Every structure is written in C-alpha cells, then in structure tokens.
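Visitor: Please show me the structure and take me through some of its contacts.

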Amino acid sequence: MAGPTITLSASTFDEEVNSASTPILVDFWAEWCGPCKLIAPILDEIASEQQGTLTVAKLNVDEAPDVARRFGVMSIPTMILFDGGEPAKRMVGAKPKEALLGELAEYL
C-alpha cells in the first residue's frame with residue numbers, strides 16, 4: 001500500500017469493495033499502459049485529498065483478468081466507482097484531475 005491508495009487483487013477485490021465505508025474508486029490498470037502511468041499520480045493526489053470521503057484502489061488487470069472481465073473492462077485505464085459495493089460510475093481513459101473530480105463530485 002503506497003499512501004492512501006490501496007492495491008487490490010483477485011482474492012481481495014470483493015471483500016474490499018463490499019466492505020468499504022466510503023465510495024471506492026477502482027483503477028483498472030497494467031504495468032505496460034502509458035496512460036495508466038500518467039493518471040497514477042493524479043489518483044494518488046485525489047486519494048490523499050479525499051481521504052475519509054473516497055477510497056482509491058488499484059487493480060492490475062494482468063494479475064486479475066477475471067475481475068476485469070467481470071466488469072467489462074475492455075480498455076485501460078478504466079476507473080469504476082463502487083458505491084455500496086455496486087458499480088455507480090465508469091470513466092475510461094486518462095483525464096486531468098479537474099475532470100476526474102468533476103465526474104466524481106456527486107459522490108464526494
């Protein structure tokens with residue numbers, strides 16, 4: 001775990017998402033994905049700034065392909081916001097921090 005961002009795996013995904021006390025934004029990413037690397041520091045910033053309001057988590061799609069398939073992740077980065085354990089919002093592609101915060105505003 002690097003700071004406030006948590007790392008999920010296939011074995012921890014359901015438990016973490018379903019037991020989250022706040023909405024949880026899951027970043028579906030991979031090591032080889034350039035846009036994923038661009039958005040990672042932005043998500044870390046959001047995780048720090050929204051601590052207590054929003055949880056930010058990362059799931060490596062190469063390590064957990066079944067989870068990615070289950071949620072229809074076809075391209076990365078894909079960020080899915082889970083609220084109460086259910087997918088509530090989906091964002092695809094790297095975006096500036098302001099755009100991400102704007103899309104998440106109703107959950108913050």
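What follows is a set of questions and answers on a predicted model.

Visitor: How do helices α2 and α4 pack, and is α2 roughly parallel, oblique or roughly perpendicular to α4?

Guide: Helix α2 covers residues 34-49 and helix α4 covers residues 97-104, and their axes are 10 Å apart. The packing angle is about 50°.

Visitor: Is the crossing of α2 and α4 left-handed or right-handed, and which residues of α4 make the contact?

Guide: The way α2 passes α4 is right-handed. From α2, the contact uses Ile39, Ile42, Leu43, Glu45, Ile46 and Glu49. From α4, the residues are Lys97, Leu100 and Leu101.

Visitor: How many residues of the contact of α2 with α4 are nonpolar?

Guide: Ile and Leu count as nonpolar, while Glu and Lys count as charged. By that division the contact has three charged residues and no polar ones. The nonpolar residues number six.

Visitor: How many aromatic pairs does the whole structure have, and what is the geometry of phenylalanine 13 with phenylalanine 28?

Guide: A search of the whole structure gives five aromatic pairs. In the pair of phenylalanine 13 and phenylalanine 28, the ring centres are 6.4 Å apart and the planes meet at 50°. Planes under 30 degrees apart count as stacked and over 60 as edge-to-face. The pair at 50° is therefore tilted.

Visitor: Where in the chain are phenylalanine 13 and phenylalanine 28, and are they buried or exposed?

Guide: Phenylalanine 13 is in helix α1 (residues 13-19) and phenylalanine 28 is in strand β2 (residues 24-29). The pair links distant parts of the chain, 15 residues apart. Both phenylalanine 13 and phenylalanine 28 are buried.

Visitor: What kind of pair do phenylalanine 13 and phenylalanine 82 form, and how many residues apart are the parts it ties together?

Guide: The ring centres of phenylalanine 13 and phenylalanine 82 are 5.7 Å apart with planes at 80°, so this pair is edge-to-face. Phenylalanine 82 is buried, as is phenylalanine 13. Phenylalanine 13 lies in helix α1 and phenylalanine 82 in strand β4 (residues 78-83), so the parts tied together are 69 residues apart in sequence.

Visitor: Is threonine 5 buried or exposed, and what is its relative accessible area?

Guide: Threonine 5 sits in the segment before β1 (6-8). Outside its sequence neighbours within four places, threonine 5 is in contact with residues including Leu43, Val56 and Ala57. Buried means under 20% relative accessible area. Threonine 5 is therefore buried, at 4%.

Visitor: Where is alanine 57, and what is its relative accessible area?

Guide: Alanine 57 is in strand β3 (residues 55-60). Beyond neighbours within four places in sequence, its contacts include Thr5, Ile6, Leu8 and Ile24. Alanine 57 is buried, with a relative accessible area of 0%.

Visitor: Does glutamine 50 count as buried or exposed, and which residues is it in contact with?

Guide: Glutamine 50 is in the loop between α2 and β3. With 16% relative accessibility, glutamine 50 counts as buried. Leaving aside neighbours within four places in sequence, glutamine 50 is in contact with Leu101 and Leu108.

Notes. Residues are numbered from 1 along each chain as its sequence is written. This is a predicted model: local features need pLDDT of at least 70, side-chain atom pairs count only at pLDDT 80 or more; totals for chains, interfaces and linings use all residues. Side-chain values use heavy atoms; hydrogens and water are left out. Axes are lines fitted to C-alpha atoms, for helices over the stretch in contact, and angles run from 0 to 180 degrees between N-to-C directions. Helices (H or I, at least four residues) and strands (E, at least two) are DSSP runs, numbered from the N terminus. A crossing is left-handed if the near helix is turned anticlockwise from the far one by less than a right angle, and right-handed if clockwise. Contact means heavy atoms within 4.5 Å. Rings of Phe, Tyr and Trp (its six-membered ring) pair if their centres lie within 6.5 Å; planes under 30 degrees apart count as stacked, over 60 as edge-to-face and the rest as tilted. Buried means under 20% relative accessible area, exposed over 50%, partly exposed in between (1.4 Å probe, protein chains only).
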